[in-house]
Amino acid sequence: MASAFFASPKSVASPPNMPRCALLNPAGEGRRRDSVKAGVVTEVTPSVIDDLVRPPVLTGGEAGKLAAWRSVRQERWQGEMPVEGDIPRWLSGTYLRNGPGLWNIDDYDFRHLFDGYATLVRVRFEQGRAVAAHRQIESEAYKAARRNRRVCYREFSEVPKPASFLSYVGELASLFSGVSLTDNSNTGVVMLGDGRVVCLTETIKGSIQIDPDTLETLGRFEYEDKLGGLIHSAHPIVTESDFLTLLPDLLRPGYLVVRMEAGSNERKVLGRVKCRGSVPAPGWVHSFAATDHFVVVPEMPLRYCVQNLLRAEPTPLYKFEWHPNSGSYVHIMSKATGNIVASVEVPPYVTFHFINAYEEVDAEGRITGIIADCCEHYANTDILEMLRLQNLRSFAGHDVLPDARVGRFRIPLDGSPQGELEAALDPEEHGRGMDMCSINPTYLGKKYRYAYACGARRPCNFPNTLTKIDLVEKKAKNWHQEGAVPSEPFFVARPGATEEDDGVVISIVSDKNGEGYALVLDGRSFEELARAKFPYGLPYGLHGCWVPKKQ
């Protein structure tokens with residue numbers, strides 16, 4: 001990695017059998033710019049696809065300039081970034097961020113934030129400098145759309161348009177086999193314990209290995225086992241030794257908890273959780289939590305719906321249905337035995353992202369309960385509707401973002417049938433907005449104090465601040481820039497640090513003037529240290545990971 005750190009970008013060929021910019025140029029005319037925008041410090045590979053996409057119709061204030069909800073300008077770019085401020089010289093490695101970045105094919109606009117084809121962003125830090133790049137992940141879904149100029153796989157809300165009834169029947173058959181499900185890995189990116197880097201989404205086939213140096217798509221990450229299944233949690237729990245995830249079972253409602261050792265592609269079953277809800281379907285498990293000894297398996301009333309999966313048009317809750325009367329549960333599984341040690345009913349909840357979990361112990365050191373924290377939306381599914389692109393693009397100054405909090409579950413291990421769910425701190429501390437979270441990874445599964453997330457400065461229609469949560473003092477520090485949209489704050493610890501918040505927080509920000517930059521905040525004070533500017537604003541991204549510099 002070090003030898004290529006400041007290397008010039010390699011020449012990139014256009015996709016075979018396709019006019020240059022055929023996907024990104026709405027007219028398909030292969031028009032390309034001959035020069036880079038004046039005043040921008042950048043390098044652009046001459047053969048790169050660099051035509052602008054057709055801009056979406058945006059309304060309200062500065063919305064017309066904001067790049068967060070626009071499709072990516074070009075398929076790939078690389079260059080050194082001008083830096084304002086001082087990046088700590090100890091920060092040495094690569095920050096990767098994944099997310100949906102292309103929301104149209106020619107003049108057809110996608111509906112939902114989660115539909116977009118994946119754009120991978122890389123920012124390398126070394127000796128106070130920053131070199132960045134972005135590149136489309138070449139999933140089969142992306143390549144097929146580029147080749148055929150239409151949606152060819154089932155995305156979050158988009159489905160292929162069948163030419164006839166017979167083709168629709170055939171498409172349904174391919175859905176049951178998983179063939180028509182997308183492999184568009186636009187959600188997360190993780191570094192496995194053996195150093196391989198994998199981009200993920202909720203379909204198992206959407207696990208794609210990439211090269212963190214070049215951002216090249218290396219191919220599908222193949223799970224070498226007999227477990228089958230079509231979907232899994234978009235957020236596995238990854239450590240140096242293993243990879244832990246959940247496989248929802250739609251036929252026998254429940255979840256398989258599986259583990260994969262570092263260096264292996266074989267998942268092994270740790271145990272199975274049977275759903276307790278009165279509706280025969282597992283709850284959505286976008287993420288989950290784990291402690292040193294236990295796996296926390298959520299069963300929320302936003303449940304998978306097979307009928308909705310089969311429909312050719314999106315339903316109000318897409319692939320899910322809301323069943324608050326079905327019961328809401330949290331299950332605790334022993335990592336050592338795979339046995340369920342607690343299964344408790346809790347108040348209804350909606351969460352995309354768990355923050356962390358840890359074990360409570362008594363004076364004798366016996367484990368008495370589990371604390372699990374998440375970004376919780378007050379059991380309100382409206383957040384899914386708010387993430388429709390037309391809603392994100394039409395902010396008119398009204399406060400329409402649904403409230404959210406740090407939801408804290410308390411799960412007793414004494415056989416009690418009930419657990420608790422409450423706010424871990426006053427939600428006003430972070431503007432009643434809360435999502436897209438990270439912690440110091442050293443504290444994964446352990447008692448911790450600090451979390452970093454996106455909060456809100458009202459009025460807004462989307463989380464627009466970065467917030468540092470102190471779960472001991474029950475206070476928050478917030479960073480905000482008027483009109484800007486920051487993505488997930490990602491914590492990187494300083495080498496040799498002994499304090500939990502000794503490090504930096506990295507976020508990629510879309511500025512209201514159409515520009516964008518990588519922001520570096522001090523993990524302790526939460527004050528800005530530096531910002532490194534991209535040549536243009538990038539689409540909003542979801543989740544990231546840190547790849548340390550190879551020694």
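This is a predicted model: local features need pLDDT of at least 70, side-chain atom pairs count only at pLDDT 80 or more; totals for chains, interfaces and linings use all residues.
Q: Which residues does UniProt list for "binding site"?
A: UniProt annotations may be inferred rather than shown by experiment; feature names are shortened and positions follow the numbering used here. In this case an unreviewed entry lists His235, His286, His353 and His543. They are spread over 309 residues of sequence but cluster in space, with a largest C-alpha distance of 12.6 Å.

Q: Is His286 buried or exposed?
A: Buried means under 20% relative accessible area, exposed over 50%, and partly exposed in between (1.4 Å probe, protein chains only). His286 has 10% relative accessibility, so it counts as buried. You'll find His286 in the loop between strand 16 (268-274) and strand 17 (289-290); strands are DSSP runs (E, at least two residues), numbered from the N terminus.

Q: What does the side chain of His286 join up with through a polar contact?
A: A polar contact is a pair of N or O atoms within 3.5 Å; within protein, one must be able to donate a hydrogen and the other to accept it, and residues adjacent in sequence count only if both atoms are side-chain atoms. Here the side chains of His286 and Glu202 are joined by one of 2.7 Å. The His353 side chain also makes a polar contact with that of His286, at 3.3 Å.

Q: Where does His353 lie?
A: His353 sits in strand 23 (residues 351-361), and at 6% relative accessibility it counts as buried.

Q: How many residues line the largest pocket?
A: On a 1 Å grid over the protein atoms alone, a pocket is an open set of points where a 1.4 Å probe fits, with protein on both sides within 12 Å along at least five of seven lines; lining residues have an atom within 4 Å of a point. The largest pocket has 46 lining residues, with Val238, Ile439, Pro441, Leu444 and Phe490 nearest its centre. Among the elements giving two or more residues to this lining are strand 23 and strand 36 (543-548).

Q: Which of the listed histidines does that lining include?
A: His235, His353 and His543 are included in the lining of the largest pocket.

How values were computed. Residues are numbered from 1 along each chain as its sequence is written. Side-chain values use heavy atoms; hydrogens and water are left out. Helices (H or I, at least four residues) and strands (E, at least two) are DSSP runs, numbered from the N terminus.
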